[in-house]
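Welcome, and please open the model in your viewer. We will go from stop to stop, with something to select at each one.

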Amino acid sequence: MPRARATISAGSAFAVLVLMVSGCTAAEPEAGPTPTPTVETVVEVSTTGPVITGTGPTEPYPGIDFPLPDHARTVTIDFECEGGLNFHLEVGDPMAAGDAPLRGTCDGTTSLTWPVTEQTAPKLFVWTPDGVEWTVTPHFSTAEFVRDEAITAECEAFSEIYSALSNADIGLTEYQAFDEAEWKRRVEAASVELETLAGASETAMSDSFSALLAWVRGDGHRPGALVTDASLTDPISDTCNTNHSPLILTGEFGG
């Protein structure tokens, strides 16, 4: 069987390959082993920072120093306190960073997680009642904080509903901007939106939306009640904050 002959002209810009076959068919090359794709394994790096202790609330400004390692993309704080009273924590400036303050009850150790971004300031704010001793143990990780998209969407939708209900209460009780008939009209319009949200909810907030809807449409709902009693909205707010998609309310009245 004639063999293939390759001719490369000197100074030519291309090569010409001439294959001459006479009386036989070229054999198919045998298939070689399939190369195994290379999979890069990402190893999560976690470190534990220095333990911080204190008693009562820290200064509102500037808080206390809270160094953030360069590798950190999330920080989980184990917050320990006793006595059954409430506490409140902030890492950096939540409003500037687009995340949320978190809270809990002093009944042992509570683990709370924040994203760490370029906007996260290396400061920690702790609020507890006077005399409450507490311990902070931070754990930093290279893992990115992932927000639940369904929770984020529902928190955004509820922000508008909550704003409408709050503005109805404040507009009547604090500013006398309209009469009770207008208050009822506003509340009813917001309740229609809340009913839609409760019916379509795919998150754990569904029951809280339904409970709030029943209260808003119930006989016990009076002007001003929503802004003075947060018991029905706190579970929603806490879920949104834990997801770091906090409720953002729009005020119609005030400066």
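A nonpolar core is a set of buried Ala, Val, Leu, Ile, Met, Phe, Trp, Tyr and Cys residues joined through side-chain atoms within 4.5 Å. Buried stands for under 20% relative accessible area, exposed for over 50%, and partly exposed for what lies in between (1.4 Å probe, protein chains only).

Before you select anything, note that this is a predicted model, in which local features need pLDDT of at least 70 and side-chain atom pairs count only at pLDDT 80 or more, while totals for chains, interfaces and linings use all residues. Residues are numbered from 1 along each chain as its sequence is written, and side-chain values use heavy atoms, with hydrogens and water left out.

**The whole chain**

Start with the cartoon view: the chain holds six helices and 11 strands. These are DSSP runs numbered from the N terminus (helices: H or I, at least four residues; strands: E, at least two). Of the 255 residues, 34% are buried.

**The largest core**

Now select Phe-158, Ile-161, Leu-165, Leu-194, Met-205 and Phe-209, the residues with the most contacts inside the largest nonpolar core, which has 24 residues. Helices H2 (149-173), H3 (180-200), H4 (206-216) and H6 (234-242) each supply at least two residues of this core, and H2 gives the most, with eight.

Zoom in on Leu-165. Which residues does Leu-165 touch, not counting those up to four places away in sequence? They are Val-187, Ala-190, Val-216 and Leu-226; contact here means heavy atoms within 4.5 Å.

**A second core**

Next, select Phe-87, Val-116, Val-132 and Val-136, which are among the 21 residues of a second, separate core. In general, nonpolar side chains tend to be buried together in soluble globular proteins.

**The open sheet**

Turn to the four-stranded open sheet, whose antiparallel strands follow the order S5-S10-S7-S8. Two strands pair if DSSP finds at least two bridges between them. At the edges, S5 (64-65) and S8 (102-105) each pair on one side only. Select S7 (residues 86-91) to see the strand that four bridges join to S8 in antiparallel fashion. Along this pairing, Leu-89 stands opposite Leu-102 in S8.

**A loop glycine**

Finish at Gly-131, in the loop between S10 (123-127) and S11 (133-141). Is Gly-131 buried or exposed? Gly-131 counts as exposed because its relative accessibility is 59%. Beyond neighbours within four places in sequence, Gly-131 is in contact with Thr-55 and Gly-56. Draw a distance from Gly-131 to Thr-55: their C-alpha atoms are separated by 5.7 Å, although the two are 76 residues apart along the chain.
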